[in-house]
Amino acid sequence: MTGPAVIPRALRGTVEVLWDYHDLHHELRPSDIGVGLGSHDLGVATCAANLQLRGMFPRIVFTGANAPTTVARFPRGEAVHYREHALALGVPDTAILVEPTARNTGENITRTREMLARHGISPKSITLISRPYQQRRAYATCRKLWPGVDVRCASEPMSLDDYIATIGDADRVMAMLAGDTQRIWRYAEAGHAIPQPVPDNVRQAYHDLVTAGHISRLLPGPPTGAG
C-alpha cells in the first residue's frame, strides 16, 4: 500500500527547503571516473549512462549489493541491474566496472576506491551520482573517506514533483528527506562524514517533517539534535 501522490499543502514549503538543501547544484565538468551509488532508484544508472555518453568521464563504477528496500526490485544486486540498464542505454561494456558488495554509502566509497586500486586506477577527480536527496550526504561521506579526490555530485535532473511521480508515494519521499537530513549531522558526529552546514530553515523543516510523523527512515535514538 502506498501513500498520497502529492505533498500536503501545509508541508509543501517544508519539503522544498529540504529538497533544495540536499541538491548541491554542482557545476559538472569532465572527471576521471563516474561512480553510481546503488539504491532503489534506477535513475542513478540513467544519469550515469547519459553523462558517460556525453563524454563527462570514460568509465563508470556501479556500486551496491542489496538493502531490504531493493532486493525485490533488483534481485541480482543494485550494481548488477544498474550495469544492465546502462548497457541498454548504449554504454559500452568495457566502460563499466561493477562493485557488487557495498551495503551502505561508506562502503560504496571505500570499496570502489579499493577496487579501482586493484585495477591500477587512481582517479584525481570523480563524478558521484546518486538520488537527488542523497547528494549532500554522499559528498560529505566521500570527502571523509576519500579526501584526496576532487568530487562533484550529480543526479538525474528532475523537479520535486517529477521525482515524487516516479516514486508514486509522497509520504515515502518525505520520510527519505527527513532520514537523509538527520544523517547529515549524525554521521558527522560518528566520524563517518565531514560536517555540513545546517541552516536554521533546514533544521526547522526537518523538525516539521518529524512532528508530522515522517519518521520511518530515521536512525534509532532521539530524532532531534541538529545543533
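I looked up Gln52 and found that this residue is buried, with a relative accessible area of 11% (buried means under 20%, exposed over 50% and partly exposed in between, with a 1.4 Å probe and protein chains only). The model is predicted, so I kept in mind that local features need pLDDT of at least 70 and side-chain atom pairs pLDDT 80 or more, while totals for chains, interfaces and linings use all residues. Residues are numbered from 1 along each chain as its sequence is written, and side-chain values use heavy atoms, with hydrogens and water left out.

I placed Gln52 in helix H2, residues 43-53 (helices, H or I of at least four residues, and strands, E of at least two, are DSSP runs numbered from the N terminus). Leaving aside neighbours within four places in sequence, I listed Phe57, Pro58, Ile60, Val91, Pro92 and Ala95 as its contacts (heavy atoms within 4.5 Å).

I turned next to the largest nonpolar core, which has 26 residues, and noted that Ile7, Val15, Val173, Met174, Leu177 and Leu209 touch the most other members (such a core is a set of buried Ala, Val, Leu, Ile, Met, Phe, Trp, Tyr and Cys residues joined through side-chain atoms within 4.5 Å). Helices H1, H6, H7 and H8 each give two or more residues to this core, and H7 gives the most, with eight. A second, separate core of 19 residues includes Val44, Ile60, Phe62 and Tyr82.

Last, I checked strands S4 (residues 125-129) and S5 (residues 150-154), which run parallel and are joined by five bridges (strands pair if DSSP finds at least two bridges between them). Ser125 has Asp150 in S5 as its bridge partner.
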